[in-house]
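Subject: Structure handover

Hello,

Here is the structure I promised to pass on to you. My notes on what turned up in it follow below.

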Amino acid sequence: MSSPTAASQRRSKIVIGVLASCGIAVSLMQTLVVPLLPEFPRLLNTTPTNAAWLVTATLVAGAVCAPVLGRLGDMYGKRRMLLVSLAAMSLGSAIGAVSDDFGAVLVGRVLQGAAIGVVPLGISIMRDELPEERITSGVALMSATLGIGGAVGLPVTGVVAENFNWHWLFGGAALFGLVEFALVRLVVPESALRSGGRFDFVGALGLSAALTCLLLAISKGNDWGWTSPPVLGLLIAAAALFLVWGGYELRTPSPLVDLRVSARPAVLLTNIASVLIGMAMFAGFMVGAQIMQAPVGTGYGFGMSLVVTGLVLLPIGGAMGVFSPLSARISRRRGPRTTLILGGSVLTAGNLAGSFLHDPLPLVVFNLTIVAIGGALAYGALPTLIMRAVPPAETAAANSLNTLARSIGTSSCSAIVVALTTGSVVQISGVEYPSVTAYSWVFLVAGTAALLAALIAAVTPSARRYAPVVPQVATATGQAR
């Protein structure tokens with residue numbers, strides 16, 4: 001018979017594996033429809049502008065729902081909210097699988113985006129339930145799933161899009177979500193730690209409105225024009241709403257986000273660094289596929305098909321999975337701040353190299369993989385830094401806010417990439433493509449963001465380290481005892 005320690009280790013590995021697979025599932029939703037965006041106007045009988053909302057709506061829904069689900073998880077149970085998130089993803093995917101109507105598919109994409117709260121909820125469950133020696137590695141892997149899912153999403157969706165009906169993308173996602181739902185019910189315990197209190201509905205509505213205005217302005221700035229009345233109006237509205245919301249949150253006894261905790265230097269600076277890390281890492285994900293598929297005549301492209309591009313870029317996702325355990329080991333030995341500085345430095349090197357090294361193909365893939373490694377190191381350290389700075393009862397809400405910071409970074413990166421790649425173009429056979437100068441600037445901006453993140457991490461003060469929660473012993477059905 002196995003010893004209790006051996007059984008506990010096996011159970012911990014299973015819990016980590018299930019939660020990490022949930023993170024990959026919801027991260028895949030972010031890039032699920034990207035290969036099909038040029039085709040959706042025809043497939044759904046809509047305009048290209050409307051089709052772009054299939055990405056924008058998912059982004060906004062995720063940003064709005066993540067902090068709300070995090071707070072609800074702290075109050076009423078993290079596993080319960082995790083199951084709600086997976087159910088929303090499965091329902092949204094099922095709607096997309098059976099619909100040819102643009103409105104219905106858009107609703108499905110909103111529900112898929114709402115599930116991004118799975119990642120911070122999973123991190124918080126790990127803090128509450130895993131043995132202390134397993135927490136850092138589990139959290140690093142869970143955090144890295146945000147990048148892993150985005151990296152492997154392109155080849156998977158590309159193969160399906162080129163060889164099967166597009167509804168299979170949503171049907172497969174629905175099945176994936178149901179399997180994850182069942183696994184969570186079976187093996188993941190519910191944390192006994194609850195913060196209590198009343199849910200801040202006014203704060204949730206205020207934050208949702210402010211985030212919606214901000215992210216709509218960022219994501220649509222290039223389409224509508226950064227100086228257009230709608231974009232300027234949204235930015236002004238976002239600033240006003242954030243000010244009003246902040247004042248309300250400081251006065252209410254049970255706020256959605258404890259701004260006093262969030263304003264601590266260790267938390268605030270880590271979230272600012274998270275925005276920059278999100279920008280620095282996502283740039284490679286966005287332009288890597290475009291570079292591979294661009295014609296050779298552009299001076300940088302390789303003329304690959306979508307499927308071949310996905311296969312060539314697979315090392316990016318693999319690197320994030322392999323290096324997240326290394327992030328955990330460095331954090332245990334040297335501290336998560338050191339890991340974040342190292343990750344930011346690697347991201348800086350990879351992006352700056354990408355700004356002037358455009359061939360041969362192995363070197364380009366190597367640079368993109370270096371960027372992924374830096375992202376894995378940095379992403380693994382961010383939640384550990386946050387958890388050291390907040391009390392256990394606020395873990396899910398604080399990690400959700402950190403996930404939101406990364407989402408703002410990736411959203412800003414999308415806008416920056418579009419602005420740069422449409423501002424400098426070359427014509428090949430009558431078709432416009434971004435110039436090599438445009439991509440050089442993309443990597444230069446990303447490298448600068450990574451460097452700033454590393455510098456911010458270097459000056460971030462050490463946080464008070466809260467004691468870990470003593471995990472409950474779970475039975476095979478996932479109930480604590």
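Contact here means heavy atoms within 4.5 Å. The model is predicted, so local features need pLDDT of at least 70 and side-chain atom pairs count only at pLDDT 80 or more, while totals for chains, interfaces and linings use all residues. Residues are numbered from 1 along each chain as its sequence is written, and side-chain values use heavy atoms, with hydrogens and water left out.

Let me start with T369. Not counting residues up to four places away in sequence, T369 touches P315, I316 and A319. T369 is found in helix α16; helices are DSSP runs (H or I, at least four residues), numbered from the N terminus. T369 is buried, with a relative accessible area of 15%, where buried means under 20% relative accessible area (1.4 Å probe, protein chains only). The side chain of T369 also reaches the backbone oxygen of V365, at 2.8 Å.

Next, the nonpolar cores. A core is a set of buried Ala, Val, Leu, Ile, Met, Phe, Trp, Tyr and Cys residues joined through side-chain atoms within 4.5 Å. The largest has 122 residues, and L19, F40, L82, V184 and L340 have the most contacts inside it. Helix α16 (residues 361-389) gives the largest share of this core, 14 residues. Leaving aside neighbours within four places in sequence, L19 is in contact with L82, G122, I125, M126, M142 and V188.

On a 1 Å grid over the protein atoms alone, a cavity is a set of points where a 1.4 Å probe fits but cannot get out, and lining residues have an atom within 4 Å of a point. Points are joined across faces, edges and corners, and a volume is the space filled by probe spheres set on them. The whole structure holds 2 cavities of 30 Å³ or more.

The largest cavity has a volume of about 100 Å³. It is lined by 13 residues, of which I291, G354, L357, V364 and F443 are the closest to its centre.

Best wishes

Conventions. Buried means under 20% relative accessible area, exposed over 50%, partly exposed in between (1.4 Å probe, protein chains only). Helices (H or I, at least four residues) and strands (E, at least two) are DSSP runs, numbered from the N terminus. A polar contact is a pair of N or O atoms within 3.5 Å; within protein, one must be able to donate a hydrogen and the other to accept it, and residues adjacent in sequence count only if both atoms are side-chain atoms. On a 1 Å grid over the protein atoms alone, a cavity is a set of points where a 1.4 Å probe fits but cannot get out, and a pocket is an open set with protein on both sides within 12 Å along at least five of seven lines; lining residues have an atom within 4 Å of a point.
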